[in-house]
Amino acid sequence: SGGDDDDSSSSSNPCFARETTTACRVHDIAAPPADAYAQCFGEEGRGAAAARVLMTSLSAGDYVLTQADGALAHTRVILNQHKVARDSDASSPLLTLYHERGTLGLSPDHVLRVGDGFGPARTATAGAYLAAADGKPARVSRVEVSRGGVVNPLTVAGTILAAGPTSAPVL
């Protein structure tokens, strides 16, 4: 993902909000993905198997949580685009999706599960449903537009569970 558009004031690379988007970094891939999920996003909090981290802290080789065939799964980070902020990355268009389980910040072109299929975040308008990690839909209540820095971890699976700072994750 990424673009060659030189007009960064109006273009949008498919990325997550740099300052607010978290993922579940898995430290022990022998642990069941459900245990990692509980340690990252459940009431249990941080544990030995996994930790909730800002996406900017992810590096190539890290394992993170995703969904595969409707079930929690591990996937490996291939690279993390925009991990180190540069002036050119300082301000991109962003959307904050407010849903029943929290928020998610990402660029309008970033793909996520909206309704029954994958589509750009700009199609996640109020009333649309996102795919939560437990398989239950998370209804979008509102969308806010802003600008900010971006980050984009690419994974072997091509997907990642992403969440706001205290939110439940969506695919």
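# Strands, bridges and cores

Me: Are E2 and E3 paired in the parallel or the antiparallel sense?

Reply: The model is predicted. In it, 5 bridges connect E2 with E3. The sense of this pairing is antiparallel.

Me: Which residue in E3 is the bridge partner of Arg-25?

Reply: Arg-25 belongs to E2, on one face together with Ala-23. Across in E3, its bridge partner is Ala-51.

Me: How many bridges join E2 to E4?

Reply: E2 and E4 run antiparallel. Val-26 has Tyr-63 as its bridge partner in E4. Arg-25 stands opposite Val-64. The number of bridges joining E2 to E4 is 2.

Me: How many of the 5 residues of E2 are buried?

Reply: In a regular strand, side chains alternate between the two faces of the sheet. On one side of E2 are Thr-22, Cys-24 and Val-26, and on the other are Ala-23 and Arg-25. Both faces are covered. E2 is largely enclosed by the rest of the structure, because the number of its residues that are buried is 5.

Me: Is Arg-25 buried or exposed?

Reply: The cut-off for buried is under 20% relative accessible area. Arg-25 has 17% relative accessibility, so Arg-25 counts as buried.

Me: With which residue does Arg-25 form a salt bridge?

Reply: Side chains of opposite charge can pair when their charged atoms come close. For Arg-25, the closest N and O atoms are 3.3 Å apart, and the partner is Asp-62.

Me: What is the N to O distance in the salt bridge of Asp-109 and Arg-122?

Reply: Asp-109 is partly exposed, at 31% relative accessible area. Its side chain meets that of Arg-122 in a salt bridge with an N to O distance of 2.5 Å.

Me: How many salt bridges does the count come to?

Reply: One of them joins Glu-144 to Arg-142 at 3.1 Å, N to O. Glu-144 is partly exposed at 34%, and Arg-142 is partly exposed at 40%. The count of salt bridges comes to 3.

Me: Which residue is joined to Cys-24 by a disulfide?

Reply: The structure holds 1 disulfide. Its S to S distance is 2.1 Å. The residue joined to Cys-24 is Cys-40.

Me: How many residues apart in sequence are the parts tied together by Cys-24 and Cys-40?

Reply: Both Cys-24 and Cys-40 are buried. Cys-24 lies in strand E2 and Cys-40 in helix H1, so the parts tied together are apart in sequence by 16 residues.

Me: Is the disulfide of Cys-24 and Cys-40 right-handed or left-handed?

Reply: The torsion about the S-S bond is about 65°. Therefore the disulfide is right-handed.

Me: Which residue has the backbone nitrogen that the side chain of Gln-39 reaches?

Reply: Gln-39 is in helix H1, residues 33-41. At 11% relative accessibility, Gln-39 counts as buried. Its side chain reaches, at 3.0 Å, the backbone nitrogen of Ala-50.

Me: Which residue takes a positive phi in the hairpin of E4 and E5?

Reply: E4 and E5 run antiparallel, joined by 6 bridges. Ala-68 has Ala-71 in E5 as its bridge partner. The hairpin has 2 residues between the strands. The one with a positive phi near 55° is Asp-69.

Me: Is Gly-70 buried or exposed?

Reply: Gly-70 is placed in the loop between E4 and E5. The cut-off for exposed is over 50%. Gly-70 has a relative accessible area of 61%, so Gly-70 is exposed.

Me: How many residues does the largest nonpolar core have?

Reply: In soluble globular proteins, nonpolar side chains tend to be buried together. Here, Phe-16, Met-55, Leu-112 and Leu-130 have the most contacts inside the largest nonpolar core. The elements giving two or more residues to this core are E3, E6, E7 and E8. The number of residues in the largest core is 23.

Me: How many residues are in the second, separate core?

Reply: This core includes Val-26, Ala-50, Ala-131 and Leu-171. Its number of residues is 14.

Note on methods:
Residues numbered from 1 in each chain as written. Predicted model: local features only at pLDDT ≥ 70, side-chain atom pairs only at ≥ 80, totals over all residues. Heavy atoms only, no water. Salt bridge = Lys/Arg side-chain N within 4 Å of Asp/Glu carboxyl O. Buried < 20%, exposed > 50% of the residue type's maximum accessible area, 1.4 Å probe, protein only. Pairing = 2+ DSSP bridges. Helix = DSSP H or I, 4+ residues; strand = E, 2+ residues; numbered from the N terminus. Core = buried A, V, L, I, M, F, W, Y, C linked by side-chain atoms within 4.5 Å. Polar contact = N/O pair within 3.5 Å; in protein donor to acceptor, adjacent residues only side chain to side chain. Disulfide = S-S within 2.5 Å.
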